[in-house]
Amino acid sequence: MAVPSLPPERETGGTEPKNKWRFFLYSAIGSFAFFVPFTVGENNTILLDHIVTWLQGSLSGALPYITFVMITAGAIYQFASGKWREDVARMVFAFLSAFAVLLCAMLVFGFGPAFLFDERLGPFILNKLVIPVGLLIPVGAVFLGLLVGFGLMEFIGVMVQRFMRPVYRTPGKSAVDAVASFLGSYSLGLLITNRVYRTGGYTAREASIIAAGFSTASATFMVVVARTLDLMHIWGVYFAVTLIVCFLVTAVVVRIPPLSTIPDEYYPGATPQPEEKVEGKLVSAAWREAKAFLAQAESLPKTIWRNFKDGVLMTIQVIPGIMSVGIIGLALAFYTPVFRILGVLFYPLAWAGQLPDPWLASEAFAIGLSELFLPATLVADSESDVLRFTVGVVSISQVFFFSSMIPAVLATEIPLKISHMVIIWFQRVVLSIILTLPLAYLIF
């Protein structure tokens, strides 16, 4: 069948890009930075993670102070930009950002209540979450310009369109977001999603589906979880099952509220760029779409600078929420029975699934709402392989958690409310338990 013609403004005839090599070279560098792990010393990970690790080592003494300045800037931005007036959630988030300034000041300058300095609480949030994310987003934004600015997303979008659209109801290019999250970081995946949404490449519903379904923890963090749960001897199985469960759950939640009820509308003021249905020869159609985009692409310096500015702006909005919401969530987990009570919701599933110590299992499922890593620490000493494996998969597949992911989404323009994210978290946990338990018993 013939490939349908592009609309006049996207037609490659007459706008044939002069420097086609940019597609191949810049896309290759961006892909390498995001998706190809390699070993430096004893650390096997992607280039972005290596750079962040190097920066953490080189600037270790200065980073807490730099972080304090960025959190302060983020809190000021919430009020100076007027974003705090947009709705109740943004207002709460703005005041939590101000609270983050106080919390960060106490941690950096060494004053405040003793419990804040518990290694599991304040230092964990600052050193393991806030500082790495604060470095990863702006560094990732530089390479993001190479990945999304010269036609690669358009090329991949056409190639996988026939799978992504019917299964996940998103454009083919959303596959890039999914891979960026799994091999890079959910913060990088969100950065891509937010950028494409604001420029008219995704609708509100599509951007929300991508954030809620594909912005999972990275493969690097999955290794940390697997090590904690003594699952490294079956790492390949654990990774494969987690990947399958995550995407199966996403295929379900996109078809039920709240995701199914989010308006299918484009970002206000953006020029809609809907993905065209392509038939016929995919490779030639994909290359034509990539060339059409490349013909309109900005120069490399402009692309990198624009993405870097977006990355810095996103960083100062994300890390105050991680600091304040993360510490509040972990404090509730460690010092109150909130998550033990919340675990009652999952007890019937844990009991019906014949998990040993169903109360421990149900609390582990619930505590993931506060921080992604806590479920693994809670069941790490369990003798049950089935329990540890199930908790390990569910903790990744749940996607949303208050210590980082939820504040990161609130810092974007993606129209997901806190209530939406909590409901989707519950849906994903329940579905993940149901899908994982039979596989865990099969494996063990």
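His50 in this predicted model touches Phe38, Thr39, Val40, Asn43 and Thr45, when residues up to four places away in sequence are not counted. His50 has its place in helix α2, which covers residues 47-58, and at 11% relative accessibility His50 counts as buried, because that value is under 20%.

- Ser27 is found in helix α1, which runs over residues 21-35, and with a relative accessible area of 5% Ser27 is buried.
- A polar atom of the Ser27 side chain lies 2.6 Å from the backbone oxygen of Phe23.
- Leaving aside residues up to four places away in sequence, Ser27 touches Arg22, Leu146, Phe150 and Leu152.
- Arg90 belongs to helix α4, and its relative accessible area of 11% makes Arg90 a buried residue, since buried means under 20%.
- Apart from residues up to four places away in sequence, the residues that Arg90 touches are Lys83, Trp84, Leu410, Ala411 and Thr412.
- Arg90 and Lys417 are 327 residues apart in sequence, while their C-alpha atoms are 9.4 Å apart in space.

**Helices that cross**

- Two packed helices are described by the angle between their axes and by the distance between the axes.
- The axis of α1 and the axis of helix α12, which covers residues 282-295, come within 10 Å and cross at roughly 90 degrees; α1 is therefore roughly perpendicular to α12, as angles of 65 to 115 degrees count as such.
- On the α1 side this contact is made by Arg22, Phe23 and Phe24, and on the α12 side by Trp287, Ala290 and Leu294.
- Helix α3, residues 63-80, and α13 have axes that come within 8 Å and cross at roughly 100 degrees, so these two helices are also roughly perpendicular to each other.
- In the meeting of α3 and α13, the α3 residues are Thr67, Met70, Ile71, Ala73, Gly74, Tyr77 and Gln78, and the α13 residues are Leu313, Thr315, Ile316, Gln317, Ile319, Pro320 and Met323.

**Aromatic rings**

- A search of the whole structure finds 27 aromatic pairs, and one of these pairs is formed by Phe115 and Tyr335, which are edge-to-face with 5.9 Å from centre to centre and 85 degrees between the planes.
- This pair links distant parts of the chain, as Phe115 lies in the loop between α4 (88-109) and α5 (122-148), whereas Tyr335 lies in helix α13 (residues 300-335), 220 residues apart.
- One aromatic cluster is formed by Trp235, Tyr238, Phe239, Phe389 and Phe444.
- Arg120 lies over the face of Phe334, at 4.1 Å from the ring centre.

**Backbone details in loops**

- A cis peptide bond, with omega of about 10 degrees, joins Pro257 and Pro258, and Pro258 is found in the loop between α11 (235-253) and α12.
- Gln354 is not a glycine and yet has a positive phi of about 55 degrees; this residue lies in the loop between α15 (347-352) and α16 (358-367).
- With a relative accessible area of 64%, Gln354 is exposed, because exposed means over 50%.
- Val399, another residue other than glycine, has a positive phi near 70 degrees, and the place of Val399 is in the loop between α18 (385-397) and α19 (405-410).
- Val399 is buried, with a relative accessible area of 2%, whereas Gln354 is exposed.

Key:
Residues are numbered from 1 along each chain as its sequence is written. This is a predicted model: local features need pLDDT of at least 70, side-chain atom pairs count only at pLDDT 80 or more; totals for chains, interfaces and linings use all residues. Side-chain values use heavy atoms; hydrogens and water are left out. Helices (H or I, at least four residues) and strands (E, at least two) are DSSP runs, numbered from the N terminus. Buried means under 20% relative accessible area, exposed over 50%, partly exposed in between (1.4 Å probe, protein chains only). A polar contact is a pair of N or O atoms within 3.5 Å; within protein, one must be able to donate a hydrogen and the other to accept it, and residues adjacent in sequence count only if both atoms are side-chain atoms. Contact means heavy atoms within 4.5 Å. Rings of Phe, Tyr and Trp (its six-membered ring) pair if their centres lie within 6.5 Å; planes under 30 degrees apart count as stacked, over 60 as edge-to-face and the rest as tilted. A charge sits over a ring if NZ of Lys or CZ of Arg is within 6 Å of the ring centre and within 35 degrees of the ring normal. Axes are lines fitted to C-alpha atoms, for helices over the stretch in contact, and angles run from 0 to 180 degrees between N-to-C directions. Angles under 35 degrees count as roughly parallel, over 145 as roughly antiparallel, 65 to 115 as roughly perpendicular and the rest as oblique.
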